[in-house]
Amino acid sequence: MNIRTPVHFVEQFSSNKIYMKRDDLLPFSFGGNKARKAELFFREVQKETADVVVTYGSSSSNHCRITANKATEIGCDCIIITPDEKGNTFNRDLTTLMNAKFIECSVEEVSSTIEKTLSELKAEGRTPYFIPGGGHGKCGTEAYCNAYEEILTFEKETGTPFDYIFLASGTGTTQAGLIVGKFKNHTKTKIVGISIAREKVRGSKVIRDSIRDYLGPDVLFDSNEVIFIDDYLSGGYGKGNDQIEQTIISMLLKHGIPLDHIYTGKAYCGMQQYILSEGITGSNILFIHTGGTPIFFDNIDKLSDRRKDEYTNFKRRISK
Ligand SMILES: *Cc1c(COP(=O)(O)O)cnc(C)c1O
């Protein structure tokens with residue numbers, strides 16, 4: 001793509017300056033970190049002249065949407081292994097619209113289903129390419145190592161060194177890539193992943209493994225660089241709370257920025273709490289908007305119901 005996403009000032013928070021890098025505005029299929037990762041994965045797909053891409057993800061997966069759309073772009077088939085779950089989402093509808101075929105299975109059967117699907121395709125004479133769920137893997141790591149270079153360019157051009165980078169961390173691949181970028185450039189920026197699902201022990205181990213996998217076993221890096229915070233899980237993947245919803249509404253109304261309840265809204269809210277609890281002040285802070293715009297719309301009824309309640313209360317007050 002070779003397009004640098006915008007970085008802009010958002011707000012002053014507890015005497016820190018908060019900036020945002022808008023990867024949600026990447027110009028492919030509603031953007032997001034999965035668009036950045038897919039760019040590199042699909043280079044491999046084309047190098048290997050694969051004719052079908054297989055991946056894994058849930059119904060709210062941004063990764064599945066992007067993968068399906070990348071496949072249609074190059075005229076390749078796309079098969080998505082997915083847990084059998086109910087409920088429609090905009091990502092699932094979009095992924096269906098983008099011609100993906102779904103194979104449902106239980107969570108326990110995921111890896112066996114993937115293997116079975118790949119071997120069946122090969123037996124049919126097809127050339128499948130497998131992309132791990134969430135765009136996990138070296139291409140994903142590299143994509144965010146490259147994004148780190150963009151951040152450095154912004155820092156140099158504007159004279160704004162970032163003390164902290166915050167982001168929503170899921171598989172941790174995005175965070176691993178940023179840490180690799182930091183490692184290569186010897187900067188002091190602290191990279192803080194706000195976990196949206198995983199607990200600290202597993203989440204940080206996967207990040208360390210991704211970094212090692214990318215740098216190779218001989219390169220020494222300090223594992224203390226991996227800051228993975230699981231204090232704001234709010235009960236697990238996709239689970240929200242009042243404060244997260246307040247944050248989403250406030251960011252939209254004050255700054256015109258859509259955040260979603262699974263990833264960016266949860267992480268932005270967690271970042272604010274972390275800043276307060278750690279007593280961080282006087283710092284330049286960059287939040288990476290990792291996308292997920294269709295998920296914003298999944299939750300819009302709930303958000304607007306809240307506003308309706310507030311409006312009813314307002315009318316009650318003024319009619320007194
Ligand atoms: C997938 C996703 C993440 C998490 O990215 P990882 O690299 O898996 O940690 C964060 N935000 C959004 C919007 C995502 O779709």
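Let's start with the ligand: the space it takes is the largest pocket in this predicted model. Which elements give two or more residues to the shell around the ligand? They are α1 (33-47), β7 (164-169) and α6 (173-185). Of these, look at α1 with some care, because the definition of an element as a DSSP run lets you find it on the structure by its residue numbers, 33-47. The largest share of the shell, three residues, comes from α1.

Now let's meet the residues themselves. There are 15 residues around the ligand, and those that come nearest are K34, N62, T171, T174 and T290. Sorted by class, the shell holds 11 polar residues, two charged ones and two nonpolar ones.

Next, zoom in on the atoms. K34 uses its side chain: a polar atom there lies 2.8 Å from an oxygen atom of the ligand. G170 takes part through its backbone, where a polar atom is 2.7 Å from a ligand oxygen. G172 also has a backbone N or O atom 2.8 Å from an oxygen atom of the ligand. Taken alone, the ligand exposes 380 Å², and the protein buries 98% of that.

Finally, turn to helix α5, which covers residues 138-158. How far should its 21 residues span? At 1.5 Å a residue, the helix should span 30 Å, and because its end C-alpha atoms are 31 Å apart, the two values agree. Just after α5 you will find G159, which takes a positive phi of about 65°.

Methods: Residues numbered from 1 in each chain as written. Predicted model: local features only at pLDDT ≥ 70, side-chain atom pairs only at ≥ 80, totals over all residues. Heavy atoms only, no water. Near = heavy atom within 4 Å. Polar contact = N/O pair within 3.5 Å; in protein donor to acceptor, adjacent residues only side chain to side chain. Areas by Shrake-Rupley, 256 points an atom, 1.4 Å probe, with all protein chains shown as cover. 1 Å grid on protein atoms, 1.4 Å probe; cavity = no way out; pocket = protein on both sides within 12 Å on 5 of 7 lines; lining within 4 Å. Sits in = over half its atoms within 2 Å of the grid points. Helix = DSSP H or I, 4+ residues; strand = E, 2+ residues; numbered from the N terminus. Nonpolar A, V, L, I, M, F, W, Y, C, P; charged D, E, K, R; others polar. Expected span 1.5 Å × (residues − 1).
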